[in-house]
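Colleague: I've just opened this one and I'm new to it. Can you walk me through it?

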Amino acid sequence: MDFRWWRRSFSGALLSWMFYFLRISCSDKAPDFTFVHEATSAPLEIFYDYIIVGGGTAGCPLAATLSHGGAKVLVLERGGSPYTNPNITDIVNFASVLLDKSPTSPAQPFTSEDGVYNARARILGGGSAVNAGFYSRASRPYIKEAGWNQKWVEQAYEWVEQVVAFQPPMLEWETALRDGLLEVGVLPNNGYTFNHSYGTKVGGTIFDREGHRHTAADLLDYANPSSITVYLHAIVNKVLFRRIPGRARPQAYGVIYKDANGVTHEAYLNSDSKNEIILTAGAIGSPQLLMLSGIGPGYHLQKHGIQVVVDQPLVGQGMADNPMNVLLIPSPLPVEVSLVQVVGITRFDTFIEGASGLSLVYPLAQRLAKSFRLILNEGNYEPFKVVPEAKPIAVDTVNAVVNGTLRAGVILEKITGPLSRGHLELRNLDPDDTPFVTFNYFKEPEDLRRCIQGMRTIISVINSKAFSKFRYKKMPIEALINLMLTLPINNRRRHANAMFSLEQFCIDTVMTIWHYHGGCQVGRVVDKEYKVLGVDSLRVVDGSTFHQTPGTNPQATVMMLGRYVGERIVHERYVSRRSEEKN
C-alpha cells in the first residue's frame with residue numbers, strides 16, 4: 001500500500017483515539033457546526049465535487065469521510081436539526097417523537113398499503129434521531145455475504161462507536177427481561193457486546209449515561225469544516241442527467257432542490273470525472289428519487305409524465321419490513337424508562353427485545369389514555385373485551401398514562417430477513433410526500449412460522465420466575481393478548497380467532513419496528529460499489545441497497561456503511577490522482 005495512503009489511515013485512527021477522550025467530557029453538549037445552514041441562505045446556483053442527498057444515518061458519516069479526501073462536499077437534508085428538539089435528544093421523550101403527527105414532525109408518519117402505521121425520518125441524522133437507540137453490529141456471515149472487507153468493516157464500526165455507542169445502565173426491568181430469556185433457554189449469556197451471536201446479550205445504545213441521544217449527525221464532528229456544507233430543509237426534486245458524446249450512458253451532473261420558502265435552487269458537480277452525486281435518502285427516499293429523476297419502471301414513470309432516462313424495472317422492488325409483534329405488560333411495580341438494551345437472538349431466526357416506562361408529553365398521554373378508556377367502557381370491542389379480573393389493572397395503567405409515564409413494559413419479537421417482499425410506487429411528483437409502499441407482511445409462510453415461535457418465547461419469558469415481579473398474577477396471558485387486540489396499533493382487521501391462534505394474532509397485530517429496506521438492492525439496481533446501473537456519476541448508499549436487515553438493529557451497519565463506502569471512494573480518488581500524476 002502507498003505510504004501516503006497508510007499515513008492518512010493512521011491519522012484517521014489517531015483522530016478516533018483523540019475523539020474518545022473528548023467525548024468523555026463533552027458527550028452531553030450539542031455540536032456547534034459552523035458548516036450547517038438553512039437552505040434559504042444558499043445561493044441559487046452552487047458547485048461541489050460531491051453532492052449527497054440525505055443527511056441521514058448513512059449520509060452523515062459518508063459526508064464526514066469524503067470531506068477529508070481533498071474534495072468539496074455538499075449535503076442536502078430535507079429536515080431540520082436534531083439538537084433543538086428535546087423530544088429527540090432526551091430518552092424520556094422517545095414515544096412523543098413517533099406520535100408527532102404535525103407537518104414538520106421529524107418522524108413523518110405514513111401508513112403502508114398493508115394497513116400498518118409507519119414513519120419516515122425527516123431530520124439531520126435520519127433514523128438514528130428517532131429510533132429506540134439499540135446499537136449492534138451485523139454478523140460475520142452477513143458481512144461476508146455482502147462482499148465487504150472484514151478489516152475495513154471493523155475499522156468503520158470502531159470509527160462510529162467512538163462517537164455514538166455507549167453501554168446502557170442495566171436497571172431492574174431490563175435485568176428481569178435478560179434473566180427471563182436465559183431462564184427459558186435463549187442461551188448462552190453473551191454479556192455486554194456489540195457483536196451478533198446466538199443467545200442473550202446486552203447491546204450498545206446511542207443514549208449516553210445522562211439519557212441524551214447521539215445521532216449519526218454527531219459523526220459530522222469528524223468532518224473537515226472547510227470542505228463541507230450542509231443545508232437543512234432542502235428538498236431535492238430530481239437528479240439531472242445529460243448525454244456526453246462518446247459515452248454510452250447518461251451522466252448525473254446536478255440536482256434541483258427547494259428551500260423552506262419554496263425557492264428553487266440548483267447544485268452542480270464540478271467538472272471532474274471522479275465527482276459524483278450520492279443518494280443517501282433511505283429505503284423510501286432513494287428509490288423514490290430515482291423514479292422522480294427518470295430511473296425506474298418505464299411504464300410507471302410515463303404514467304406520471306416523467307421522462308425515462310433508464311427503464312429499470314427493479315427500482316422500488318424488493319421492499320421489505322421486518323414485522324414486529326408485541327405484548328404490553330402492565331406492571332404492579334414502577335418501571336424505569338428504558339428502550340431496547342437486551343436482545344435474545346434465537347436459533348429459529350427471531351429476535352426478542354423489550355422496553356419499559358415510556359414517558360409521554362401531556363397531550364399525547366391524554367390521547368392514549370382516551371383509547372384505554374374506550375376499551376374499558378365501550379361494549380363495541382366484542383369479542384375483544386377486557387376480562388373482568390383485568391379491569392382494575394387496566395384502570396391503574398390508564399391512571400399512570402395520564403400522569404405521563406406508562407407503568408408497563410413491552411416485550412416484542414422481530415423476525416430476521418424477512419422473506420416476504422413488496423414494492424414501492426410513486427404517489428405523485430412531490431418528493432416530500434411518501435409514495436405507495438407495500439411490504440406484504442407474512443406473505444411467505446416461513447415468516448409467519450418464525451413469528452409464532454417468537455410469540456411463544458415471549459409468553460415463556462412473561463411466565464418465567466425471573467420476570468414474575470413485573471407481572472400481575474391475576475392478569476393471564478390471554479388477557480394480555482386480548483389487550484393487544486383492542487388497541488389501535490394498526491389499520492388491519494381483527495379476527496375472532498386471534499384470541500387463541502398465535503398465527504392469526506401475528507397477522508392481525510403486526511407492527512413495524514422501522515427496519516424497512518430494499519428498493520435499490522445491490523446486484524439489481526446498484527453494483528457492489530453502490531454505483532447505479534445504467535448511468536455514470538451516481539451512487540446509492542443506504543438501507544435501500546440491503547437484501548435483508550443486518551441483525552437486531554440496522555443503524556450501526558448503516559452508519560458503518562457510510563464510513564466504509566466513503567473510505568473506498570477517497571481511496572479510489574487518491575489512486576486515480578496518483579496514476580494521473582505518474583502519466
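Colleague: Which element gives the most to the lining of the largest cavity?

Modeller: That's α8, with 7 residues. Helices here are DSSP runs (H or I, at least four residues), strands are E runs of at least two, and both are numbered from the N terminus. Keep in mind that this is a predicted model, where local features need pLDDT of at least 70, side-chain atom pairs count only at pLDDT 80 or more, and totals for chains, interfaces and linings use all residues. Residues are numbered from 1 along each chain as its sequence is written, and side-chain values use heavy atoms, with hydrogens and water left out.

Colleague: What other elements give two or more residues to that lining?

Modeller: β6 (117–121), β12 (235–242) and α15 (555–582) do, along with α8 (282–292). A cavity is a set of points on a 1 Å grid over the protein atoms alone where a 1.4 Å probe fits but cannot get out, and lining residues have an atom within 4 Å of a point.

Colleague: How many residues line the largest cavity, and which lie nearest its centre?

Modeller: 48 residues line it, and Ala-121, Gly-127, Ala-281, Gly-282 and Ala-283 lie nearest the centre. The space inside is about 850 Å³.

Colleague: Switching topic: how many residues of α2 are buried?

Modeller: 8 of the 8 residues in α2 (residues 59–66) are buried, meaning under 20% relative accessible area with a 1.4 Å probe, protein chains only. Their cover includes β3 (50–53), β4 (73–76), α6 (150–164), β11 (228–232), β15 (276–279) and α15.

Colleague: And where is Thr-552 found?

Modeller: Thr-552 sits in the loop between β26 (538–540) and α15. Thr-552 is buried too, at a relative accessible area of 0%.

Colleague: Which side chain does Thr-552 join through a polar contact?

Modeller: The side chain of Ser-136, at 3.4 Å. A polar contact is a pair of N or O atoms within 3.5 Å; within protein, one must be able to donate a hydrogen and the other to accept it, and residues adjacent in sequence count only if both atoms are side-chain atoms. Beyond four places in sequence, Thr-552 has contacts that include Phe-134, His-196, Lys-414 and His-515, with contact meaning heavy atoms within 4.5 Å.

Colleague: Where does pLDDT stay under 50?

Modeller: Over residues 1–27, for one, where the model has 33 contacts beyond four places in sequence. Residues 360–365 are also below 50. pLDDT is the predictor's confidence in each residue, from 0 to 100. Where it is low, the predicted coordinates should not be read in detail. The chain's mean pLDDT is 89, with 87% of residues reaching 70 or more.

Technical notes
1 Å grid on protein atoms, 1.4 Å probe; cavity = no way out; pocket = protein on both sides within 12 Å on 5 of 7 lines; lining within 4 Å. Points joined across faces, edges and corners; volume = space filled by probe spheres on them. Buried < 20%, exposed > 50% of the residue type's maximum accessible area, 1.4 Å probe, protein only.
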